[in-house]
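Visitor: Please show me the model, and guide me through it with questions.
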Amino acid sequence: MDFAVVVLVEILYAIASLVLISAGLAVVFGMMKVINLAHGEFMMLGGYVTITAVNSGVNIFIAMLIIAPLVVGLIGLIVERLVIRHLYGRLVDTMLATWGLSLFFIGIATMIFGNTTTGISSPIPGFSIGAYQVNGYNFFIIVVSILLILGVLFVLKSTRLGLIARGAMQRSDMAAALGYSSDRIYMMTFFVGSALSGLAGAVLAPLVGLVPTSGGAFIAKAFITVVAGGPSLVAGLLASSGLFGIVGQVFSFSVSPVMGDVAMLIAAVILLRLLPQGITGRFFKGKL
Amino acid sequence: MTQSWQKELIQTLIVALMLMYLLPFAINTFTLSILLIYGMLGLSLGLIWGFGGILCFGQAAFFGLGAYAYAIAAVNIGESTIPLLFAILVPAMFAMLLGAMMFYGRLADVYLGVITLVVTLILFKFINSTAGPAYVIGKARLGGYNGIPGFQTLNVPGSPDDYIWGDAFYYVCFVALVVVYLLVTWLLRSSFGRVAMGIRENDQRMSLMGYDTRARKTILFAIGAAIAGFAGGLFANWAEIVTPGLFSLGQSAEIIIWCIVGGLGTRLGPILGAAGLAYLKFLLGQQSLIDNTLITGLILVLFVLFLPKGIVPAVANLWAASFGRRPKNSRRNVRRARGGLNG
Amino acid sequence: MAEVVLETQNLTMRFGGVVASDNVNFKLNARELRCLIGPNGAGKSTFFKCVTGLLTPSDGQVFMRGDDVTGWAPHQIASLGVGIKTQVPSVMDGLSAFENIWLSARRFLNVTEANHKTDEVVSRLSLNNIANAELGRLAHGERQRVELGIVLAGDPWLVLLDEPAAGMTAEDVEQMTQIIHEMLNTTAVVIVEHDMQFIRSIASTVTVFHQGAVLMEDHVDRVMADPTVRNVYLGKNA
């Protein structure tokens, strides 16, 4: 029984962390049809920002939830103005340019922070369920990702900005024709997407030892979650995170953590073969 | 057509012979060998991407498979000729299966990228996790992140004790690259190559003309993998160890960068891009002021933004313009070569 | 003599709740010319796509020279000797006009024969001046003509053309009319078309589509005089 609860918590945590690490990429891909391969490095930067802030005496929650997203969002803004905006509509070129950016950021981080592992300790203590020790921080991540989903839903459904964004998702040319500058929309979107990546990196920082190449571990998972999710932003994110989270954890528990990752990737390959438009290309059509 | 082929053949051979003789005066043969191997790897992606319109994010997977296939076979057999054949055949078979799965599923652009990238990651993770003694193929232990060291390296076919190394290995690599280059040239001039370029330009039109584009893309993909695998087999001989790092995404990224910098839609571009950038990296590795990765990344961004056709077509155009002949490779041409995938 | 080259039986295509093609029974004899007309959304293009293999019909069958080709891939249908031209000029923009046509000829011929065939088609369509130009730089009408060349180079016995006259100048259209008449010596031709002027100038028999189904099938003059057809075209409820 205790074991079942532990497994359940682990599965929820796996799903939540997939939502968290994919949200930024999903926003940018859903709205702008841009695959940001530097997404993992944005997360890595979020982690470093948090650690730097905490080490200079800032409260860890302020560092994670406010400073890191803002700083990474601003970095994203600069990147969008300098590079991405010249490449709109050229999917493959943006992918390549952002891949270049990802290497660029790895290089910068290596020069500033060195090629060693840094980390901060988790601010929430663990506790036990029966005979099993559970990391209390996992619950924090589950809560953050639920709030994140609710926040995105709220913005999309109930604000003017969300309405414009939904319009732009459907037909960017129409949004432009109605007088909303798609340039501004894209700028905002990329800012929000980068900030979400920064948030994800910050929140996950206490769990992982951070090195400049940490981003690589996230990008593939985020990438498959977003592409397998398909055109609907929130529904796609939830559906594919749910699927991959469960598959990954089941194999982690029954075989080994590595096989969990491998199983997740294989599931992605099979899924895309069967549903080339992603899950929401077939199901939950027209949802957000 | 046959006449121009003979002319090109002779020109290529003359230039190659001169370079083969002259290059060792500038750079040592050990470094040159790896540049040649990378050149072949660059050519493998240049073929399927530049001429077939298939952007593979996992070309490193075939390189790695070739290297591992060679190492495992060499440990088991104890000579190098048959293992080198394995290095070509194993990645080709693997690509055939993977390609069939993707192309018969009508997957294109981003989705092709996702799948090739994910498959590379799977291989990387899998090989990394094979440290235990349970992972054995014949006499060869896979060794996880430590890789496989100490296998039989290249020998004269039929006599396992006559090793080919040092300068001799350099000449072998050079000849191998020239042979592969000529085979690619021949392939592109053949009907198969011209049909492949047609498919790159317009897949649906070609299938409405009666060509089975799925099968042809699968075959081209497998040919690219065979070349990458051959390069991997040679690499195993050069490094004398194979490690999971061969499958890494960083390696795949580098191959893509070579092609972009050198120039898509050309045969020489990816080779020169690979050799040039690898040499640059080697030189940069000797200084510690600026991080290597940073420069690689910067180069990729700048090329995508400012010189998306790459160096070789740009130089060719400049050459043609200054000598009065009309440029053959227009900007649009190359853009489409890559953009067959622009969704 | 009157061999049937193309036949559909109860061909039906549904997209969700929409019936885009409704129980279409169609027959075409060898070397016959047939135009498919109808207002937008009448199901002409869906019918065209089902026949060429671009779509798999939900129900019913397609026969070509007696073979059941329902559900075949486009390249299998084209391999039978069917020449297809889609609505938008669909050509290999990065290649030259010559290469475009050569690729089509090469499908059924060896290299030497394909070279001859391409030369022949190029001069037949008076493309000599532009044969070596990159297709992406040519005008719309020229690209349409090259695509016609692609269709001709395969020596088809059945040709399916989707809006071949769209965007062409009067001069181009006239030339195309002539080419199509020449084609009829060897092949049957199906043309999906809006341009009534063009249809009058080439067609004998016309099949009218309306709401996915065949409304009537008759000689062009009688079709145009028919009050129901006029209503359909003018938007009054038929």
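Guide: Two strands (DSSP runs of E, at least two residues, numbered from the N terminus, as are helices, which are runs of H or I of at least four) pair if DSSP finds at least two bridges between them. This is a predicted model, in which local features need pLDDT of at least 70 and side-chain atom pairs pLDDT 80 or more, while totals for chains, interfaces and linings use all residues. Residues are numbered from 1 along each chain as its sequence is written, with chains lettered from A and ligands numbered from 1 in written order.

Visitor: Which residue in S4(C) does Glu7(C) stand opposite?
Guide: Strand S1 (4–15) and strand S4 (59–64) of chain C run antiparallel, joined by five bridges. In S4(C), the residue opposite Glu7(C) is Phe63(C).

Visitor: Which strands of chain C stand at the edges?
Guide: The open sheet has four strands in the order S2-S1-S4-S5 (chain C), with antiparallel pairing. Two of them have a single partner strand each, so one side of each lacks a neighbour in the sheet. These are S2 (18–29) and S5 (67–68) of chain C.

Visitor: Which helix gives the most to the side of chain B that touches chain A?
Guide: In this interface, 39 residues of chain B are in contact (C-beta atoms, placed from the backbone, within 7 Å) with 36 residues of chain A. Helices H5 (109–128), H10 (249–262), H12 (292–306) and H14 (331–339) of chain B each supply at least two residues of that side of chain B. With 13 residues, the helix that gives the most is H5(B).

Definitions and conventions. Contact = placed C-beta atoms within 7 Å.
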